[in-house]
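Dear colleague,

I am handing over the structure we spoke about, and I would be glad if you could look through it alongside the notes in this message.

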Amino acid sequence: MSFIPGQPVSAVVQRIEIHKLYEGDNLILGFSIGGGIDQDPTQNPFSEDKTDKGIYVTRVSKGGPAEVAGLRLGDKIMQVNGWDMTMVTHDQARKKLTKKNEDVVRLLVTRKSLEETVRQSMMQH
Amino acid sequence: MEIRRGKFRQSVFMETPQDSDIQKKIDYEIRMREGACKLLAACSQRDQALEASKSLLTCNARIMAYMSELQRMKEAQVMQRVARRSSDAGPMDDRSPCKGKVAISDLRIPLMWKDTDYFKNKGELHRCAVFCLLQLGGEIFDTDMVMVDRTLTDICFDNTIVFNEAGPGFELRVELYSCCSEEDYSAGSTPRKLASKLSSSLGRSAGKKMRAALEPGACSATSNGGGATILLPVPSVQGPKYHLLAHTTLSLSHVQDSFRTHDLTITGNEECSYWLPLYGGVCCRLAAQPHCMTQQMMSGCLRVKLGGEPQGWTNVYGVLKGTNLFCYHQKEDMEAKVEPVLTIGINKETRIRAAEKDPHSKAQNICITNQYGGEEVTHTLAADSREDTQRWMEAFWQQFFDMSQWRQCCDDLMKIELPSPRKPAIVTPKQGSLYHEMVIDKSDDIGTVTDILARRIEEFELRAQLGSPPHWMALFDEDPPHTPQHLPPHSPSPRLHSRQPRSPRCQRTPGLLSSNASLTSDSDSPASVSPCFRQAWSPVASSSSGRFRPRTLSLDAKLSTLRGRGYNGFRCNCQPPTASSVSPRPTQTALSCSSSTSSSSSSEGSNSQESDLGFSRPSGARRSLRILRAKLDPRNWLQSQV
């Protein structure tokens with residue numbers, strides 16, 4: 001999942017569609033994010049490459065909409081509803097996820113196990 | 001600002017492979033530039049901004065170079081087509097010299113401070129960020145950025161820059177860019193309160209400097225591009241701008257195997273903000289390795305007359321490299337690095353001629369004459385066929401031509417040290433003090449400090465490589481046996497306050513357990529998960545070689561913030577239930593709260609904090625300021641709940 005500056009990033013991604021849940025007055029997704037281009041990437045416990053400034057899922061609340069939709073801890077979010085998440089600040093990422101007029105967010109996430117799964121399934125054939 | 005590829009492609013009628021190469025390079029640089037612009041717009045720290053600005057300048061310079069190269073290639077193509085059409089082919093047997101590697105290293109630029117400034121060290125410390133941009137042909141490299149103030153006598157750049165394809169007529173342009181870095185008081189020496197007071201007001205001289213910096217073109221400086229003709233729309237970004245301070249051009253005559261000083265042409269004057277008192281020279285080591293010295297220019301089978309026998313021809317495998325013609329018994333010897341049977345010097349004094357036909361062979365002989373200490377020694381060689389002889393003669397002529405072009409570089413092979421591949425930036429621990437070793441988050445209280453220390457003890461004990469325990473372990477002399485065992489899942493320290501609203505704290509997995517165990521448990525994980533992460537993670541990381549120290553607020557700042565707020569107040573969670581009840585949901589750190597607080601006016605966030613945070617916290621305004629500052633402090637790794 002490491003990137004080379006200037007080169008397009010390619011990753012095996014999974015589409016995850018999360019339906020926001022009403023919690024009193026607020027719409028929540030049920031997970032927390034960390035990272036961003038304005039954050040210190042070396043403090044990210046989930047990234048393989050410690051210079052990766054992408055947005056990572058740092059917590060998934062149990063039974064929440066994100067977990068139900070298939071989001072897992074440590075996933076790296078590549079896109080949210082088409083908006084790129086690989087080169088955004090932390091606040092920009094949070095805003096894209098928490099738009100009030102949207103009650104569904106479609107994410108593209110990647111994780112290490114995806115690539116391995118794909119590779120294994122390819123090897124079987 | 002969008003650069004469309006189409007604008008470039010319009011001018012391309014026929015694309016050759018070299019064109020597409022350059023096009024790819026241009027696209028790459030444009031992407032880099034966009035990234036740098038984004039980073040520049042987003043970063044808050046001066047260092048980051050300077051680095052981003054430097055990479056922006058380099059990208060711009062590269063784009064300009066590639067585009068001018070593209071232009072030149074187009075023109076050459078057109079000229080060629082025109083030439084062909086008018087059937088006016090120029091002489092095709094112009095010899096062109098071989099290319100070579102040129103390396104510049106150990107750049108050092110002496111400075112000339114006024115002696116009063118340097119010795120007395122009074123007044124503000126005027127600091128500048130400087131770096132060098134080196135251009136040869138189409139290749140542009142930049143050195144690392146160096147911060148310069150009056151405590152330095154020289155600007156030193158440690159990088160070694162190697163240009164791979166340089167002709168003997170190369171021109172290496174060295175440009176020194178500098179950018180004034182305003183004095184930032186919060187350099188760590190002043191306490192935070194004072195720092196915040198100072199940073200909010202501008203002193204008289206600082207104000208003057210700001211005004212000068214804001215004035216456009218005050219010092220005839222070029223902005224981002226650094227070049228006269230800017231073909232692309234330059235993105236206007238705020239942020240530090242570098243200005244050209246000095247430049248010089250080096251060429252073949254400056255190449256030497258040792259250090260030399262060259263003159264610098266200084267642009268800019270004392271009035272400019274980016275001014276540095278340069279002595280006027282630059283000292284560096286410029287070395288060149290032409291390919292004729294490093295590569296085999298010609299190799300093949302030959303026959304050599306050895307010894308005194310007139311008829312004795314020996315078959316050898318000859319390799320022409322550098323200033324010698326090595327003759328091996330067979331080709332495999334050369335690969336096995338066995339000593340050659342015969343080494344014939346080929347240098348400026350060598351004379352080579354094709355001799356008359358030897359009656360016994362069909363091809364001409366080649367006679368190589370050298371002067372060895374006053375004596376003339378002639379070697380006679382013969383190739384197998386006329387074409388081979390011709391090729392060898394051609395190779396010798398090319399070698400002589402190259403030597404005449406590269407002059408002093410062909411006397412002896414100059415050493416070029418290749419820079420080792422750069423690893424991604426590793427954060428080195430700033431200091432070895434205990435404060436920096438501790439990973440604390442805002443949610444923790446003092447009791448957890450002892451937890452952390454206890455864990456550290458355990459870590460040290462587990463890591464057998466540490467001989468003697470660190471000195472602070474004396475604190476725990478009475479305790480050590482007990483604390484480790486109590487770790488999961490209850491708060492081990494008996495000193496923990498009973499008014500702790502949340503009972504099971506973050507699962508403190510001892511040392512080397514996998515980090516997942518503590519992370520995925522969601523029941524009542526208090527505060528933020530980050531202490532869990534870091535604590536579970538850093539012990540794991542410590543057992544491996546590369547260790548990243550998470551940086552954290554100093555203990556002082558932490559304790560003062562803790563004391564400033566009551567426990568009730570600490571729950572700036574998104575969930576709106578009544579303030580007094582303990583929310584069953586995982587609570588969030590102050591940091592995430594602040595993220596919505598600061599952007600509350602424009603936030604589309606689903607969490608509106610204002611009303612909730614109202615009465616539940618004692619010193620609301622001060623707290624939000626602290627939260628804001630904590631949020632802006634890049635040492636924290638923010639997490640937000642969505």
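The model is a predicted one, in which local features need pLDDT of at least 70 and side-chain atom pairs count only at pLDDT 80 or more, while totals for chains, interfaces and linings use all residues. Residues are numbered from 1 along each chain as its sequence is written, chains are lettered from A and ligands numbered from 1 in the order in which they are written, and side-chain values use heavy atoms, with hydrogens and water left out.

Chain A

Chain A contains three helices and eight strands, where helices (H or I, at least four residues) and strands (E, at least two) are DSSP runs numbered from the N terminus. Along the sequence these elements follow the pattern β-β-β-β-β-α-β-β-α-β-α. Of its 125 residues, 52% count as buried, a word that stands for under 20% relative accessible area, with exposed meaning over 50% and partly exposed in between (1.4 Å probe, protein chains only). The accessible surface of chain A comes to about 5,900 Å², and 51% of this belongs to carbon and sulfur atoms; such areas come from the Shrake-Rupley method with a 1.4 Å probe, and for residues only the protein chains shown count as cover. If one takes the contacts in chain A (heavy atoms within 4.5 Å) between residues at least 6 apart in sequence, 67% of them join residues at least 24 apart.

Strands are said to pair if DSSP finds at least two bridges between them, and strand 6 of chain A pairs in the antiparallel sense with strand 5 of chain A (residues 55-60) over two bridges, with Tyr56(A) standing opposite Lys76(A). Strand 6 of chain A also pairs with strand 8 of chain A (residues 104-110), again in the antiparallel sense and over four bridges, and here Val80(A) has Leu107(A) as its bridge partner. Strands 6 and 7 of chain A form a hairpin with two residues between them, and Asn81(A) in the turn has a positive phi of about 50°.

Chain B

In chain B, four strands form an open sheet in the order 5-1-10-8, with antiparallel pairing. Strand 5 (154-166) and strand 8 (259-263) of chain B stand at the edges with a single partner strand each, so one side of each is left without a neighbour in the sheet. From one strand to the next the twist averages 30°, with axes being lines fitted to C-alpha atoms (for helices over the stretch in contact) and angles running from 0 to 180 degrees between N-to-C directions. Within this sheet, strand 1 (residues 100-110) and strand 10 (residues 281-290) of chain B pair over seven bridges in the antiparallel sense, and one of the bridges joins Gly100(B) to Pro290(B).

Salt bridges

Side chains of opposite charge can pair when their charged atoms come close. Over all chains, a search of the whole structure finds 14 salt bridges, each being a side-chain nitrogen of Lys or Arg within 4 Å of a carboxyl oxygen of Asp or Glu. One of them joins Arg127(B) and Asp149(B), whose closest N and O atoms are 3.6 Å apart. Arg127(B) lies in strand 2 (residues 127-136) of chain B and Asp149(B) in the loop between strand 4 (146-148) and strand 5 of chain B, so the pair ties together parts that are 22 residues apart in sequence. Arg127(B) is partly exposed, at a relative accessible area of 27%, whereas Asp149(B) is buried, at 8%.

Another salt bridge links Asp388(B) with Arg391(B), the closest N and O atoms being 2.5 Å apart. These two residues are three apart in helix 9 (residues 386-406) of chain B, and are therefore separated by about one helical turn. Asp388(B) counts as buried at 17% relative accessibility, while Arg391(B), at 47%, counts as partly exposed.

With kind regards
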